[in-house]
Amino acid sequence: MIHVPKNWYNILADIPFELPPDIPQPVRADRPEAVKPQLPLALVRQSMTRDPLVPIPESVFEKYLSWRPTPLRRARALERHLGTRARIYYKYEGGNASGSHKLCTAMAQAQCYAAAGARRLVTGTGAGQWGTALAVACREFGLACKVYMVAKSFHEKPYRKTIMRLYGAEVVPSPDPRAGRAAGRGEVHAGNIAFAVTEAFEDALTHEGTQLSVGSGEAYAILHSTVVGLEAAEQLGPADQPDIVIGSLGAGSNFGGIALPFAGRKLRGESDVRCVAVEAESCPKLTRGRYCYDYTDGSGVSPLQKMYTLGSRFTTAGGHIGGLRYHACSKIISALHHHGVVEAAAYPQPDIFASGALFARTEGILPAPESAHAVHGAIEAAKRADEAGTAPAILFCLSGHGLFDLASYEEYLNGTMADVPVSEEDIRRSLAELPQLDGQAVR
Amino acid sequence: MEPRTKHPSRADLRATVVSALLSAKAGPPGTAATVDDETPIGGAGLGISSLNMLQALVRIEDDLGVAFGDRAVAEADLRSVGAVVDLVEQMLAERDE
C-alpha cells in the first residue's frame with residue numbers, strides 16, 4: 001500500500017549553505033502609502049521554514065487523494081527497445097484533471113489564497129499546463145480565475161484554451177495587443193512567461209480581491225511539488241532506489257518535485273544519487289546562462305533574485321518547449337547547481353521529439369514536449385551507462401501528457417521540425433540588459 | 001509549558017518589530033535606534049517591500065508565539081512602525097483571550 005505523503009519535503013533544512021538574499025527594488029521615497037501584502041502568510045511561512053517536513057493542510061491532502069498516489073512504472077518496453085541494462089522508471093503525473101504535475105502546487109496555492117480571503121486568482125502560463133491546473137484548483141476552492149497565456153501557445157494550442165475555459169477560467173493572449181503594458185509600449189511579439197506574469201500582476205494590482213499566483217519558480221511551488229519525489233521513493237522501495245533522477249527544467253517545480261527529495265539524501269550523505277535537470281536547447285539557462293541577480297518577471301520592478309538566467313527580456317526563437325520557456329531557474333535549484341549538487345543538460349528539439357515519439361510507441365503514453373525532455377535525458381543516461389558498462393536505476397518524471405501538443409508532433413512526423421539553437425550573440429545581447437546597481441551587473 | 005499571559009511593553013514590542021523588519025530587508029542594516037512609532041514602513045522610512053513585511057511578520061510570529069491572520073494584516077493600515085506594533089498588540093490580546 002503506497003501512501004500519499006502527509007508532508008512536503010523542504011530542502012532548505014538540508015542545504016549546507018545560505019541562499020543569496022533577494023534584493024527588493026528601491027521603494028520610492030515619494031510613496032508613503034501603506035505596505036499591502038500580495039501573498040498569503042501561509043505561503044511565506046512555507047517558504048521560510050527550515051523544518052524538513054512541512055505538513056500538507058488537511059483540505060489539500062483530501063484533494064490530493066482524488067488523483068494520488070500517481071503510478072510509478074518501469075519502462076520495460078523502452079528498455080527492450082534500447083537494449084539497455086539500465087532499469088528505467090517513470091513517475092506519471094499526467095493522469096489528473098489538468099494533465100500535469102502542476103496540480104500539486106495549484107491545489108495548495110488555491111487553498112492558501114482562498115483561506116486568505118482572495119476571490120479571484122490571475123496568472124501567466126506558457127503552454128497552458130499551469131493555467132489549466134490553476135483553473136481546476138480555483139474551481140475546487142470557489143475562486144474565479146483569469147489566465148494570461150503566452151500568445152504563441154494561445155494561437156497554436158486552441159484546445160488547451162478550451163479546457164481552461166471548460167474549468168471556468170477566462171483566458172487571454174499575452175501580450176494582448178489591446179490592453180496592458182504591451183499596448184503602452186506598442187510591443188507585439190510571441191510573448192514569454194515573464195511577460196505573461198507581468199500582465200497578470202498588473203491585473204491583480206488593479207482589481208479588488210484579486211491576487212497573482214505563480215506556478216513554478218517560487219520556493220513554495222517547488223515545495224508543494226515534492227510529493228512527486230516522496231511518493232516515488234516509497235514506491236521504488238529500499239531495494240531499488242535510483243542512481244540517477246531526471247526532470248525537465250522550466251523554472252524548477254517539475255525538476256524540483258521529482259529530484260529534491262533525492263538531492264536531500266545526497267546532501268545528508270545517505271546516497272550518491274545524480275540529479276539531472278534537462279532543459280530546452282532554445283532556453284538554456286543552467287547550461288549557458290549566468291549566475292547573477294535578475295528580475296523574476298518582465299516587469300522590471302520585481303525583486304532581484306540570484307539565479308541562473310538568460311535575462312528577463314530573453315525571448316526564445318521558437319520551438320515547442322511550452323513551460324520550459326521561462327528565462328531563469330529558481331534560486332533554490334540555481335544554488336544547488338552552483339554548488340554542484342545537481343547537474344544540467346540541454347538537447348536539440350528534434351532529438352527531444354524523437355524520444356517523445358519513441359516513448360509513446362513503446363510505453364503507450366504521449367509525453368508533453370516538456371516531459372519529452374526528461375524522457376530524452378533518461379534515454380541518454382541509459383546509453384551512457386551501457387557505454388560505461390554500468391546498469392543504473394534511472395528515475396524520471398513524466399510530468400504530463402502531450403494530447404494538447406499534437407500539432408508539434410505533427411511537425412515532427414512531417415519532417416519539418418527544425419532545430420532552434422540560440423546563438424552566443426543572442427545570449428550576450430539579452431544578458432547586457434541585466435539589472436544594474438551602480439552601473440554594474442549585480443553578482 | 002507556561003501560558004504566555006504577560007505582554008511585553010510597547011517599547012519591547014517596537015524593538016522586536018524593528019528588528020524583524022530590518023532583518024527581513026536585504027541590503028545594508030538599518031539603524032534601529034533612530035526608528036520610532038512614526039517612522040514610515042516604506043517610502044522614505046525603512047524602505048520595506050510587501051514581501052519583506054510578510055517575512056518580518058513570520059519572524060515576529062516565531063519570536064512572540066502569535067499567529068497573524070491574512071485578513072487582519074490586509075485590513076491593517078501598515079504605514080508606520082507604530083501600526084505594525086498596534087497589530088502585534090492586537091494579536092497578543094486575541095491570543096490571550
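Predicted model: local features only at pLDDT ≥ 70, side-chain atom pairs only at ≥ 80, totals over all residues.

Mentor: Residues are numbered from 1 along each chain as its sequence is written, and chains are lettered from A and ligands numbered from 1 in the order in which they are written.

Let us take the parallel sheet of chain A. Four strands of chain A make up this open sheet, ordered β7-β6-β5-β8 and paired in parallel. Helices (H or I, at least four residues) and strands (E, at least two) are DSSP runs numbered from the N terminus, and two strands pair if DSSP finds at least two bridges between them. At the edges of the sheet lie β7 (170-174) and β8 (210-212) of chain A, each of which pairs on one side only. From one strand to the next, the twist averages 25°. Axes here are lines fitted to C-alpha atoms, for helices over the stretch in contact, with angles from 0 to 180 degrees between N-to-C directions.

Within the sheet, β6(A), residues 144-150, is joined to β7(A) by 5 bridges, and the two run parallel. Here Val147(A) faces Val171(A) of β7(A). A helix also covers these strands: α9(A), residues 193-206, lies across β5 (120-125), β6, β7 and β8 of chain A and runs at about 160° to β5(A).

Beside the strands, two loops deserve attention. In the loop between α5 (129-140) and β6 of chain A one finds Leu143(A). This residue counts as buried because it has 23 C-beta neighbours inside 10 Å; a residue is buried with 20 or more other C-beta atoms within 10 Å of its own, exposed with 12 or fewer, and partly exposed in between, C-beta atoms being placed from the backbone. Leaving aside residues up to four places away in sequence, Leu143(A) touches several residues, including Ala110(A), Tyr113(A), Arg120(A), Leu121(A) and Cys138(A). Contact requires the C-beta atoms, placed from the backbone, to lie within 7 Å. By contrast, Ser312(A) is 169 residues from Leu143(A) in sequence and 30 Å from it in space, C-alpha to C-alpha.

The peptide bond leading from Ser174(A) into Pro175(A) is cis, with omega near 0°. A cis bond, again with omega near 0°, also joins Arg68(A) to Pro69(A), and Pro69(A) sits in the loop between α2 (58-64) and β3 (72-74) of chain A.

Just after α11(A), Gly237(A) adopts a positive phi of about 75°.

Chain B has another make-up, with 4 helices and 0 strands. Of its 97 residues, 35% count as buried. Within chain B, the axes of α1(B), residues 10-24, and α4(B), residues 81-96, come within 9 Å and cross at roughly 110°. This makes α1(B) roughly perpendicular to α4(B); angles under 35 degrees count as roughly parallel, over 145 as roughly antiparallel, 65 to 115 as roughly perpendicular and the rest as oblique. Leu13(B) and Val17(B) of α1(B) are among the residues that make the contact, as are Val84(B) and Val88(B) of α4(B).

Finally, the two chains meet where α1(A), residues 41-48, packs with α2(B), residues 50-64, at about 70° with axes 10 Å apart. These helices are therefore roughly perpendicular to each other. The contact is made by Leu41(A), Val44(A), Arg45(A) and Met48(A) of α1(A) with Leu54(B), Gln55(B), Leu57(B) and Val58(B) of α2(B).

Technical notes: Contact = placed C-beta atoms within 7 Å.
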